[in-house]
Amino acid sequence: MTTAETFETTAPATGTRLEISLRPGVAFPDWSVVTSETAAEALQSILEAFGAETRWSGLGDGEDRVRRAILEHYGESGEAPSMAALTQSTGMARDVLGELIGKLESRDMVVLDPGGTITGAYPFTERDTGHRVRLGDRLLNAMCAIDALGAGAMYHTDATIDATCPACGGAIHVETEDNGAALAGFSPSTAVVWSGIQYFDSCAAESLCTVIAFFCSDEHLVTWRNAKHPGGKGVRLSMDEGLQVGKAIFTPLLAPASLAA
Ligand SMILES: [Zn+2]
């Protein structure tokens with residue numbers, strides 16, 4: 001597959017930034033938290049690779065209710081909801097629910113196994129991705145580094161992240177403060193985020209997310225890129241820039257409609 005070439009992106013000119021109204025007063029993504037130009041470039045590249053404009057546009061109320069219920073369940077229990085749990089939390093009939101979940105899958109907002117069981121919803125997955133996020137007493141697997149960084153802010157809670165450097169297998173640890181909105185600290189102090197760009201098979205979990213990772217240093221990022229993705233497109237982010245991108249994507253997903261709007 002020669003997908004890397006397909007999704008060549010350039011830094012967007014200000015003013016062409018993708019923004020979708022999710023509900024009154026809530027825009028996706030939240031560009032206001034992106035203060036770094038490099039982070040802005042990475043965010044725009046992710047949105048373009050994901051096809052966010054098409055995938056998020058025209059999201060129906062029913063779809064949005066189910067999408068929120070899935071993420072709320074992840075936050076409360078640390079795992080994907082069963083059909084029974086979702087019929088209870090949404091009050092929807094099972095066939096209606098099944099249809100809406102199918103629509104969310106076609107938008108690549110949820111990931112299902114062949115039997116139709118929910119196995120992921122960005123930022124989370126049931127798979128062990130090497131990006132562990134602790135929210136209180138719940139331990140979850142994030143799809144990728146940016147998803148891990150955005151998870152706490154989405155629930156307005158602090159997160160602890162444990163990841164593995166793809167180059168050397170070394171441990172990377174990140175903690176947030178200010179209810180997930182800021183970095184409390186990370187180790188090693190040289191750690192960075194690589195926001196690679198690739199997307200195929202209509203599933204970011206299988207493509208885009210595999211090239212968005214923490215590395216313990218720029219050296220290890222270079223080693224990995226040369227070995228695994230020579231010439232692969234992407235943006236190198238500081239940890240704080242990675243957090244900006246994560247917050248911009250995930251904070252709006254559970255934000256309530258603003259009464260002022
Ligand atoms: Zn390393």
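Helices and strands are DSSP runs, a helix having at least four residues and a strand at least two, and they are numbered from the N terminus. In those terms, the place of Asn179 is in the loop between β9 and β10. The model is predicted, and the protein has 9 helices and 13 strands.

**Overall picture and confidence**

- Of the 261 residues in the protein, 42% are buried.
- Among contacts with a separation of 6 or more, 63% are between residues 24 or more positions apart.
- The protein has a mean pLDDT of 89, and 89% of its residues reach 70 or more.
- Residues 1–13 have a pLDDT below 50, although this stretch has 21 contacts in the model beyond near neighbours in sequence.
- Where pLDDT is low, the predicted coordinates should not be read in detail.

**The sheet of eight strands**

- An open sheet is formed by 8 strands in the order β3-β4-β5-β7-β6-β8-β9-β10, with antiparallel pairing.
- Its edge strands are β3 (110–112) and β10 (182–187), each of which pairs on one side only.
- Strands of a sheet pair through backbone hydrogen bonds, either parallel or antiparallel.
- Strand β5 (residues 124–125) pairs with strand β7 (residues 138–142) over 2 bridges, and Phe124 has Ala142 in β7 as its bridge partner.
- Strand β6 (residues 131–135) pairs with β8 in the antiparallel sense over 4 bridges; here Arg134 has Thr160 in β8 as its bridge partner.
- On its other pairing, β8 joins strand β9 (residues 171–177) over 5 bridges, again antiparallel, and Ala163 stands opposite Ile172 in β9.
- The hairpin of β8 and β9 has 6 residues between the strands, and Gly169 takes a positive phi near 80° there.

**The two faces of strand β8**

- In a regular strand the side chains alternate between the two faces of the sheet.
- Strand β8 (residues 160–164) has Ile161 and Ala163 on its covered face, whereas Thr160, Asp162 and Thr164 are on the uncovered one.

- Strand β11 (residues 192–196) and β13 run antiparallel and are joined by 4 bridges; Trp194 has Arg236 in β13 as its bridge partner.

**Helices α4 and α5**

- Two packed helices are described by the angle between their axes and the distance between the axes.
- The axes of helix α4 (residues 61–77) and helix α5 (residues 83–90) come within 10 Å and cross at roughly 115°.
- The crossing of α4 with α5 is right-handed.
- At this contact, α4 contributes Arg65, Val66, Ala69 and His73, which meet Ala85, Leu86, Ser89 and Thr90 in α5.
- The residues of this contact comprise 4 nonpolar, 3 polar and 1 charged.

- Helix α7 (residues 145–154) is largely enclosed by the rest of the structure, because 10 of its 10 residues are buried.
- Among the buried residues of α7 are Ile146, Asp147, Leu149 and Met154.
- Although His156 is not a glycine, its phi is positive, at about 55°.
- His156 has 13 other C-beta atoms within 10 Å and is partly exposed.

**Further backbone features in loops**

- Asn179 is not a glycine, yet has a positive phi of about 55°.
- Asn179 counts as partly exposed because it has 13 C-beta neighbours inside 10 Å.
- The peptide bond from Phe28 to Pro29 is cis, with omega near -10°, and Pro29 is placed in the loop between β2 (26–28) and α2 (37–50).
- The peptide bond from Ser187 to Pro188 is also cis, with omega near -5°, and Pro188 lies in the loop between β10 and β11.

Definitions and conventions:
Residues numbered from 1 in each chain as written. Axes fitted to C-alpha atoms, helices over the stretch in contact; angles between N-to-C directions. Left-handed = near helix turned anticlockwise from the far one by under 90°. Contact = placed C-beta atoms within 7 Å. Nonpolar A, V, L, I, M, F, W, Y, C, P; charged D, E, K, R; others polar. Buried ≥ 20, exposed ≤ 12 C-beta atoms within 10 Å, placed from the backbone. pLDDT = per-residue confidence, 0-100. Pairing = 2+ DSSP bridges.
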